[in-house]
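Hello,

Here is the structure for you to look through. Please open it first, then read my notes below.

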Amino acid sequence: MAKPKVATTHMAGCFGCHMSLLDIDERLVQLIELVDFDKSPIDDIKRFTGPVDVGIIEGGCSSQENYEVLKMFRKHCKVLVAVGECALTGGIPAMRNTVPLKECMEEAYLKGPSVVDGVIPNDPDIPLMLDKVYPVHEVVKIDYFIPGCPPPADAFWQVLTALLAGKEPVITYEALKYD
Amino acid sequence: MSNGKITIYVDDVEVTTEAGKTIMEACDAVGIYIPRLCYHKDLVPAGHCRVCTVKVNGKPTNACTFPVQEGLVVENDTDELKEFRRHVIEMLFVEGNHVCPYCEKQGNCELQALAYRFGMLAPTYPYLYPKIEVDATHPDVYIDRNRCVLCGRCVRASRDLDGKSVFGFVGRGKGKRIAVNAEHSLSETQLQAADRAAEICPTGSIVVKRTGYRVPYGKRLYDKEPIGSDIEAKAKG
């Protein structure tokens with residue numbers, strides 16, 4: 001029987017959640033025996049090679065590209081897991097949510113103290129920003145959540161191993177953190 | 001009801017207490033934890049937050065304000081009430097800007113600890129992301145209303161313990177907020193860092209400056225044991 005497939009992606013976040021996933025240390029060897037990685041920054045596979053069992057989302061939904069990636073993950077993954085405060089709440093990037101997008105862009109590219117001859121980028125290759133950063137479960141259906149900034153490695157391990165064993169994941173008290 | 005003793009029944013457990021106590025005081029004394037947020041043992045109970053809601057003879061009631069009476073039947077640790085309390089906490093999370101990753105109260109925050117205890121992963125309500133200013137004008141204390149849950153502990157502590165009435169409520173409904181007793185800002189008030197009102201906030205809304213992040217991750221108040229464990233320990237003796 002083929003191993004279950006896991007895909008991961010990173011959106012408006014800091015990659016800390018991916019680092020914390022790697023922080024399961026020697027259990028990584030066990031994980032690699034349990035699963036194959038599909039599309040993920042870990043193996044640098046850019047496109048889905050087929051249906052995936054577990055999709056892991058880090059970061060909030062901040063741009064048109066994030067939105068499309070989220071939709072794509074929902075389409076290709078049987079189970080979606082949102083990980084980290086940015087995916088669950090918008091997190092640090094969502095600090096911009098209280099400021100209108102136009103003001104944010106002007107502050108960054110036109111009025112900032114270190115800006116010289118600023119211009120707001122408008123290249124077709126650059127994804128358009130959304131009006132605010134959305135928690136991912138406000139955009140697509142999410143099946144499981146792992147909070148934390150980043151989630152403790154143990155929380156990753158508890159949820160992943162439960163899902164792979166076909167059980168309902170439970171995060172223990174000490175591994176449930178929002179910070 | 002002889003010799004002033006009163007018996008109430010909490011989740012079918014017989015609790016003996018005395019007249020004049022509230023349901024919460026009676027339960028605390030015997031190691032039954034009723035979750036609470038706006039309640040503080042040194043303050044008059046206010047019944048603001050509704051986290052301590054129990055059912056008394058079938059009717060939802062604040063445990064922190066309701067006086068015991070002979071034969072009361074109280075529901076506390078039921079699935080229905082746990083669900084209700086989790087929703088109260090979730091609503092507090094989405095209506096403010098509670099960003100735990102950079103909050104100075106992280107690990108010691110009662111709002112966060114209650115959410116942990118209730119097993120909240122992500123709130124089921126949409127985030128409102130209100131725009132709220134921080135008042136950091138005072139040299140030793142700041143008030144960040146992004147994290148305020150309107151529990152009114154600061155109001156009661158400043159009035160009743162410090163005798164200063166630095167804080168008060170203004171507005172109503174979703175426009176309700178904590179105001180300071182001054183023309184403009186906190187710096188114009190009598191508040192001092194040593195005041196009870198400066199340390200009694202359950203969240204990171206009123207914080208004494210230069211005290212944050214002192215306790216390392218893993219050793220903070222609610223890192224190992226859920227909030228309420230100290231009360232429940234009494235029952236285990």
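Across the interface of chain B and chain A, the rule finds 3 salt bridges. One salt bridge joins B:K224 to A:E174. Their closest N and O atoms are 3.5 Å apart. That falls inside the cut-off, which is within 4 Å for a side-chain nitrogen of Lys or Arg and a carboxyl oxygen of Asp or Glu.

Keep in mind that this is a predicted model. The predictor gives the complex an ipTM of 0.93 and a pTM of 0.95. Chain B has an average pLDDT of 96. In chain B, 99% of the residues score at least 70.

**The interface**

Polar contacts come next. The rule finds 10 residue pairs in polar contact across the interface of chain B and chain A, with both residues at pLDDT 80 or more.

The area buried between the two chains is about 2,300 Å². Carbon and sulfur atoms give 61% of that area. Three residues stand out: B:Y116, B:L121 and B:Y129. They supply 33% of the area that chain B buries against chain A, more than any other three residues.

**The sheet in chain A**

Now look inside chain A. Here 5 strands form an open sheet, in the order 2-1-3-5-7. The pairing is parallel. Strand 2 (36-37) and strand 7 (144-146) are the edge strands, and each pairs on one side only. Strand 1 (residues 5-10) of chain A pairs with strand 2 of chain A over 2 bridges, in the parallel sense.

Chain B has an open sheet of 3 strands, in the order 6-7-10. Are these strands paired parallel or antiparallel? The pairing is antiparallel. The edge strands of this sheet are strand 6 (134-135) and strand 10 (206-208) of chain B, each pairing on one side only. Strand 6 of chain B pairs with strand 7 (residues 141-144) of chain B over 2 bridges. There, B:V134 stands opposite B:D144 in strand 7 of chain B.

Best wishes

Notes. Residues numbered from 1 in each chain as written. Chains lettered and ligands numbered in written order. Heavy atoms only, no water. Buried area = accessible area lost by both parts, 1.4 Å probe. Polar contact = N/O pair within 3.5 Å; in protein donor to acceptor, adjacent residues only side chain to side chain. Pairing = 2+ DSSP bridges. Helix = DSSP H or I, 4+ residues; strand = E, 2+ residues; numbered from the N terminus. pLDDT = per-residue confidence, 0-100.
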